[in-house]
Amino acid sequence: MKIDAVTIFPEYFAPAQLSLLGKAQNKGIVDLAVHDLRSITSDNHNTVDDTPYGGGAGMVMLPEVWGKALDPLLISDVDLIILTPAGKRFNQAMAESFAKVNHLVFACGRYEGIDDRVRQYYSQPEFVKSGVRVHEVSIGDYVLGGGEVASLVMIEAITRLIPGVLGNPESLMDESHNSDGYLEYPNFTKPQEWRGISVPEILLSGNHGEIAKWRKLQAQERAKKAH
Ligand code: 6GU
C-alpha cells in the first residue's frame with residue numbers, strides 16, 4: 001500500500017519508523033512518504049494560512065498551497081483522507097475497508113482547518129471518474145491541534161490489517177472491537193499467582209470449550225461496561 005501524508009510538521013511521523021509499521025515499510029508492504037507542505041510554498045514567509053472570510057477566530061489553510069501539494073498525488077485510484085474533527089468517526093469497520101485500498105493520501109489540517117474548496121475540488125465528477133475518493137474523517141469527539149496524530153492513529157489501525165504486516169495473523173481473529181463488536185476478554189500469563197491474585201481456575205483446566213465460553217462471557221461483560 002502506498003501512503004502519502006501531507007503536513008507542515010513532518011517530524012510528527014517519526015514513530016511510523018518503529019515497530020510493526022516500521023517493519024512493514026522495510027518489507028516493502030507499506031510505502032509511506034511524508035511531504036512537507038511548507039516546501040511547496042513560494043513566498044518568502046512560507047505562508048500556509050490566512051484569516052477566514054466572514055471573520056472569526058483562527059486561521060484557515062490556503063487552497064492554493066494544498067492544491068499544489070495534492071495535484072501530483074491524486075491521479076487515479078486513490079483515497080484522500082481529510083482529517084477534521086467534523087469528519088465521519090473512524091472505527092474498526094472503516095479501518096478494514098481502508099486496509100483493502102492501494103493508495104491513501106492523508107491531508108493534515110492545522111488551525112481551523114483547510115479551505116473547504118479543496119474538498120469540493122477533488123470531489124468533482126472528473127476526479128470521481130479517475131477513481132479519486134474524498135473522505136473527511138475524525139478519530140473521536142475531542143479536538144486535537146491538527147490532523148497529524150489522527151493520521152498516525154489511522155495509519156497504525158489500517159496497516160496492521162494488511163496481510164503480512166502482523167507477525168501472527170491469528171491475533172486479528174480474537175481481538176477487541178472485532179466484527180461482532182465485543183471487547184476482548186481479560187488475559188493472564190505467568191506467574192499463576194501474583195501479589196495474592198490468582199489466574200481464574202478455568203484457564204488452567206485445559207477444557208478449550210469451557211475456556212472459549214468463559215472468554216466470550218467476559219468479553220460481553222466488558223463491552224457492557226465500556227458502552
Ligand atoms: Cl482528524 N483533527 C483534529 N484537529 N481534531 C480531531 C480529529 C482530527 N479527530 C478528533 N479530533
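I took strands as DSSP runs of E with at least two residues, and helices as runs of H or I with at least four, both numbered from the N terminus. The model is a predicted one.

Pocket. I looked up which element gives the largest share of the lining of the largest pocket; strand 5 does, with five residues. The space in this pocket is about 450 Å³. I found 26 lining residues, and Leu83, Thr84, Pro85, Glu112 and Gly113 are the closest to the centre. Strand 5 (78-89), strand 7 (132-138) and helix 6 (147-159) are the elements that each give two or more residues to the lining. By class, I noted 12 nonpolar, eight polar and six charged lining residues.

Salt bridges. I found 10 in the structure. I then looked at three pairs.

Arg133 and Asp77 pair at 2.9 Å, N to O. Arg133 is in strand 7, while Asp77 sits in the loop between helix 2 (63-70) and strand 5, 56 residues apart. Arg133 is partly exposed at 33% relative accessible area, and Asp77 is also partly exposed, at 32%.

Asp31 and Lys2 form a bridge with the closest N and O atoms 4.0 Å apart. This pair joins strand 2 (residues 31-36) to strand 1 (residues 2-7), across 29 residues. I noted that Lys2, Asp4 and Asp31 are linked in a network of salt bridges.

Lys213 and Glu210 have their closest N and O atoms 3.0 Å apart. Both are in helix 7 (residues 208-226), and because they are three residues apart, about one helical turn separates them. Lys213 is exposed at 55% relative accessibility, whereas Glu210 is partly exposed at 33%.

Definitions and conventions. Residues are numbered from 1 along each chain as its sequence is written. This is a predicted model: local features need pLDDT of at least 70, side-chain atom pairs count only at pLDDT 80 or more; totals for chains, interfaces and linings use all residues. Side-chain values use heavy atoms; hydrogens and water are left out. On a 1 Å grid over the protein atoms alone, a cavity is a set of points where a 1.4 Å probe fits but cannot get out, and a pocket is an open set with protein on both sides within 12 Å along at least five of seven lines; lining residues have an atom within 4 Å of a point. Grid points are joined across faces, edges and corners, and a volume is the space filled by probe spheres set on the points. Ala, Val, Leu, Ile, Met, Phe, Trp, Tyr, Cys and Pro count as nonpolar, Asp, Glu, Lys and Arg as charged, and the others, Gly among them, as polar. A salt bridge is a side-chain nitrogen of Lys or Arg within 4 Å of a carboxyl oxygen of Asp or Glu. Buried means under 20% relative accessible area, exposed over 50%, partly exposed in between (1.4 Å probe, protein chains only).
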